Each structure stands twice: as structure tokens, then as C-alpha cells.
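Trainee: I've got a new model open. Please walk me through it, briefly.

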Amino acid sequence: MTEPVEPDFDVIVIGAGIAGCVTAYQLAQQGRSVLLVERGEEPGSKNLSGGVLYSRGMEQVFPDFLTEAPVERRITRNYINFINGDSSVAVDYRDARLAEPVNAVTVLRAKLDPWLAAKCEEAGALIMPGVRVDRVLTEGTRVVGVQAGDDELRAHVVVAADGVNSFIAQDVGLRKKPPQHHLAVGVKAVVSLPRKTIEDRFTLTGDEGAAVAAVGDCTEGVGGGGFLYTNIDSLSIGIVVRLDDLTAKKKVVTDIFDHFLEHRFIAPYLEGGEMLEYGCHLVAEGGLDMVGDIVMDGMVVVGDAAGLTLNTGLTVRGMDLAVGSAVAAAEAVGAALDQKNTSRATLAAYREKLFASYVGKDMETYAKAPHFLETDRMYKEYGELLADVLYGAFNHDLKPREHLVKVARGSLAHSPLKIMQLVKDGIAGARAL
Amino acid sequence: MKPLPVTERLTKNRFNLDEEESHIEVNQEIAKATGTGKAIVACCPAHVYSEDPDGTIAVEYAACLECGTCLAIAAPGALKWHYPRGGFGVQFREG
């Protein structure tokens with residue numbers, strides 16, 4: 001029998017995004033030897049998100065996160081908008097309580113992630129940028145390291161934090177390719193505007209920020225939505241559309257993106273701006289169904305790679321779930337290293353910790369949300385119905401006024417929606433969201 | 001602000017082009033037979049794919065923003081797509 005090879009590291013983390021960096025940071029803090037491998041030229045250079053980070057979890061890991069990290073604006077204004085062709089109905093929720101304590105901030109990942117990686121380095125992790133991990137090394141059912149080109153590096157535990165495409169876990173047979181209705185594509189531009197212009201247009205002061213979410217005509221009726229977030233001196237704007245619906249409706253994704261930016265209710269926000277960057281990102285929308293297997297002998301999967309994103313209709317979350325999964329993974333991996341047993345059975349503590357935390361609990365609470373959000377009516381008829389009811393109330397055409405309930409009933413009669421659908425969707429929505 | 005055409009939009013980004021190796025390969029026969037060809041032309045935000053008059057799918061891999069949407073919708077065997085080699089491809093400065 002040959003002597004087992006002494007690994008090069010306790011832990012190798014693949015991918016320097018939020019999940020990868022936070023896992024690496026915490027394991028390095030525990031005194032483990034940690035290698036963080038990143039395929040981008042530098043950490044952050046492959047990373048992109050819509051831009052809103054619910055920041056409490058991050059503050060538990062980095063108590064000075066909000067004052068030290070390069071974050072953009074504190075979100076104190078949430079603007080939820082049904083946008084039709086010529087009309088729109090919105091809820092404009094502003095609240096000083098969202099500023100103190102801070103609830104959510106906008107971020108630009110090419111700026112934030114290098115800060116996170118620097119924290120890992122300070123804590124003692126070794127960072128290797130510009131290196132693509134091609135696959136994991138296995139011995140029997142066990143992951144024992146990574147292969148990058150001709151190099152082989154070994155570790156007691158590998159952490160797959162390689163993002164939504166999750167090639168590492170799929171390649172080793174742990175995870176399957178997700179179905180199209182569980183995936184969406186996000187297309188985004190960063191548009192520069194003077195700070196003062198942004199504050200005037202969104203009626204913000206200081207480092208306050210706004211998050212606009214839009215559904216309806218902004219995606220030409222394709223399941224998904226539009227977003228517009230304020231950074232310090234730029235806007236993050238884009239769309240997210242479900243792949244099954246995009247292909248079924250034979251739409252061109254860039255046409256939808258252009259349509260949103262040129263929409264009469266969106267274009268004025270961008271006036272005079274200059275596009276700084278254009279990017280896109282696949283989004284896991286399957287919720288709990290997409291989490292699946294995240295632990296095997298010698299490996300755990302965290303963040304987007306584990307399918308950890310949530311669309312609750314009002315909030316769209318991914319980065320905070322990445323933080324939560326990293327915290328759970330670092331605790332479980334640390335304990336397994338202490339026990340000198342990094343088998344699937346021991347590392348399963350990661351899954352238990354994850355599902356005992358806000359991450360797993362929220363995935364369970366919103367388990368029905370993805371199916372509900374596949375309701376086609378959400379992306380056309382409901383917005384139009386809302387506008388029609390309000391038009392009936394505001395349009396003083398010299399006909400005698402009617403009570404709002406009667407106006408609504410009249411609008412519904414002219415809408416393709418049926419009252420039973422409305423009731424059914426109302427109940428389903430109340431249960432799912 | 002009128003959105004620029006996609007090709008001009010992409011000039012705003014920074015890319016490290018891997019001149020030796022493409023990370024994308026289309027199986028033309030399967031792409032045509034399954035409809036994957038037309039689908040990836042429509043769904044790619046960077047317009048990496050285009051259809052020639054004879055139905056062949058042309059690939060401009062240098063423009064790829066590495067999201068993986070094409071792979072997610074491709075029929076089995078129609079597309080080989082992986083990340084570019086380390087250090088190559090798009091390098092976001094905003095993200």
C-alpha cells in the first residue's frame with residue numbers, strides 16, 4: 001500500500017467571488033492553509049451582479065464592511081414598477097429605517113471583490129489569479145485536489161465556488177445541468193452620470209440609493225423583469241429574462257435590453273449618460289429545487305454554484321446567500337479538518353448548518369415562488385389591469401363617476417383576465433411570496 | 001442615451017484575447033437539426049453567434065462575455081463551451 005500523499009493545502013477554493021472569498025477568509029482566520037484560485041486576471045474581473053447586496057450577513061463576517069469596503073449607496077428607496085407600453089403603476093417605498101441600520105447597498109463587483117480578496121490575503125490565504133481550474137482530481141469517490149493545465153494541487157477539502165455554471169460540480173457528477181425554466185439571463189450596462197444628476201433624478205441625498213424593479217412591457221412580456229440601481233456616480237441598468245420563455249417566444253435578448261433602456265418611462269433616467277461597460281450573467285431561478293447535492297467526499301459547493309439565488313418577486317437575492325453559505329461551509333470544513341475526517345458524512349454538517357441558517361430557511365419559505373413567477377399574466381395583463389382601473393378613476397371624461405369597485409369590475413370585464421384567475425393567482429401569490 | 005449597437009458597446013469592455021485557442025465550438029449538423037443554431041443567435045447578449053446565408057453558425061469568440069446562456073439552451077452535442085484559459089477573455093472593470 002502506498003503512503004497517502006500529504007496535501008499541498010488544507011483547503012483549495014475555486015473562484016474568488018463572494019462565496020469563495022468569504023469561505024477562504026474564514027478558513028484562513030481559523031489558521032488553515034488556504035489557496036484561492038481565480039481564473040480572472042485579478043479577483044473580480046470575471047464577476048458581475050445586478051448590484052444590490054443585503055449587507056447584514058457581510059457585516060457579521062467583516063464588522064467594518066460598510067465603512068471599509070468599496071460599496072456604492074445605501075438603498076433607502078425601493079421603487080416597484082409595473083410598466084406597460086404607455087402607462088405604469090408603481091409602489092414607491094422609502095423608509096429611513098432602511099438607512100439605520102443599513103439594510104442593503106449597491107456594489108460593483110470588479111471593485112468590491114478585490115477588497116474581499118485582499119482581506120483573504122491579510123488573513124493568510126494564498127491567492128492565485130489568472131489560473132483556470134480545469135477539473136478536480138479524484139481518487140475513487142473522493143475529491144483530492146484540482147488540476148489547472150499541467151499543474152496538480154492537492155488539498156484535504158476543495159470548495160467549489162465557481163459560479164452559476166457550476167462546471168466543477170457538474171463535471172465530477174455531483175450536480176446536473178439545470179432545466180431552462182430554472183435559469184434566466186441577466187444583461188446589464190453600467191452608465192456613468194454625475195453624482196448630482198443621480199441624486200436629483202432619484203431625489204436622494206448623500207449616500208442614499210434607489211433600487212427600481214420593473215415588470216411588464218419592459219421585457220416585452222417575457223418572464224423576468226428590469227432593474228435600475230444607483231451607484232455613486234453611475235447607474236446599473238438591465239433586464240433578467242427566463243430562458244425557457246425567451247426561447248419559446250422567439251425573442252432576441254438584446255432587443256429586449258434595448259427596448260427597456262429606450263422605454264419612455266426609463267430613458268429619462270439615463271439621459272446624458274455614457275455606457276461604461278456591458279455585461280451579462282446567468283441567474284439560477286429555481287430556488288430550493290436548484291440546491292440539490294452540495295457535498296461529497298472532500299468537496300463542498302457554495303454560492304451561485306450551489307444554486308443559491310432567490311427571486312421573491314420584491315427582492316432579488318444572491319450575494320447575501322453566498323455569504324451565508326460561505327459561513328456555513330467554513331464552519332463545517334473547519335470542524336471536519338479538526339476531526340481529520342473530510343468525508344461526505346462529516347462535511348454534511350455544511351448542509352445542516354446551511355439549512356439551519358437564514359439561507360436555507362428563506363429558500364424553504366420561498367420554495368413556491370419560482371413556479372408562481374412563471375405565471376405569464378404577471379408580465380403583461382396585470383400591469384395593464386392596474387393602469388386601466390386607475391385610468392377609470394382619474395379620467396374625468398364628464399361621465400358620471402362610479403365607485404372604484406365598479407370601475408375595477410368594468411376594467412376586469414375588458415381584460416383578458418378572468419376573475420377566477422385573479423383569485424387563484426392571488427391565493428397562489430399569497431402562499432408563494 | 002440611445003443604446004449603442006452591440007459591437008460598439010463591446011468596445012467599452014476590456015478583453016484579453018486568446019489568439020491561440022477558441023473556447024467555443026459549434027457542431028453545425030446538430031445545431032441545424034435541433035434548432036440550437038438559431039436559438040443561440042437570439043439569446044447571446046454579446047452577439048457571438050450569427051447565421052450565414054447557408055445556415056452555418058459563425059462564432060466570434062473574442063466577444064464572449066462568458067455567461068453560459070448558449071450552453072444552457074443548447075441541445076446535447078450541439079455546442080462545446082467552456083471558460084477561456086486563465087487570464088484570457090473579458091475582464092470587467094465595473095462588474
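Mentor: One term to start: two residues are in contact if their C-beta atoms, placed from the backbone, lie within 7 Å. This is a predicted model, where local features need pLDDT of at least 70, side-chain atom pairs count only at pLDDT 80 or more, and totals for chains, interfaces and linings use all residues. Residues count from 1 along each chain as its sequence is written, while chains are lettered from A and ligands numbered from 1 in the order written.

Trainee: Okay. How many residues of chain B are in contact with chain A?

Mentor: 32 residues of chain B do that, and they meet 45 residues of chain A.

Trainee: Which helices of chain B supply residues to that side?

Mentor: Helix 1 (6–10), helix 3 (36–43) and helix 4 (69–73). Each supplies at least two residues of the side that touches chain A. Helices here are DSSP runs of H or I with at least four residues, strands are runs of E with at least two, and both are numbered from the N terminus.

Trainee: How many helices and strands does chain B have?

Mentor: Four helices and six strands. Along the sequence of chain B, the pattern reads α-β-β-α-α-β-β-α-β-β.

Trainee: And what box do the C-alpha atoms of chain B fill?

Mentor: Roughly 40 × 35 × 20 Å, taken along the principal axes.

Trainee: What share of chain B is buried?

Mentor: Of its 95 residues, 42% count as buried. The cut-offs: buried if 20 or more other C-beta atoms lie within 10 Å of a residue's own, exposed if 12 or fewer, partly exposed in between.

Trainee: Is Glu66(B) buried or exposed?

Mentor: Glu66(B) counts as buried, because it has 23 C-beta neighbours inside 10 Å.

Trainee: Which residue in chain A has a positive phi without being a glycine?

Mentor: Ser166(A) is one, with phi about 45 degrees. You'll find Ser166(A) in the loop between strand 10 (151–160) and helix 5 (167–171) of chain A. Ser166(A) has 27 other C-beta atoms within 10 Å, so it is buried.

Trainee: Where's a cis peptide bond?

Mentor: Between Glu100(A) and Pro101(A), with omega about -5 degrees. Pro101(A) belongs to the loop between strand 5 (88–94) and strand 6 (104–106) of chain A.

Trainee: What is Val52(A) in contact with, leaving aside neighbours within four places in sequence?

Mentor: Ile75(A), Ala104(A), Thr106(A), Ala211(A) and Tyr229(A). Check Val105(A) too: it is 53 residues from Val52(A) along the chain, yet their C-alpha atoms are separated by 5.7 Å.

Trainee: Last one. Which residues in helix 10 of chain A meet helix 11 of chain A?

Mentor: Among them are Ser325(A), Ala328(A), Ala329(A) and Glu331(A). On the helix 11 side of chain A, the residues include Thr346(A), Leu347(A), Tyr350(A) and Lys353(A).
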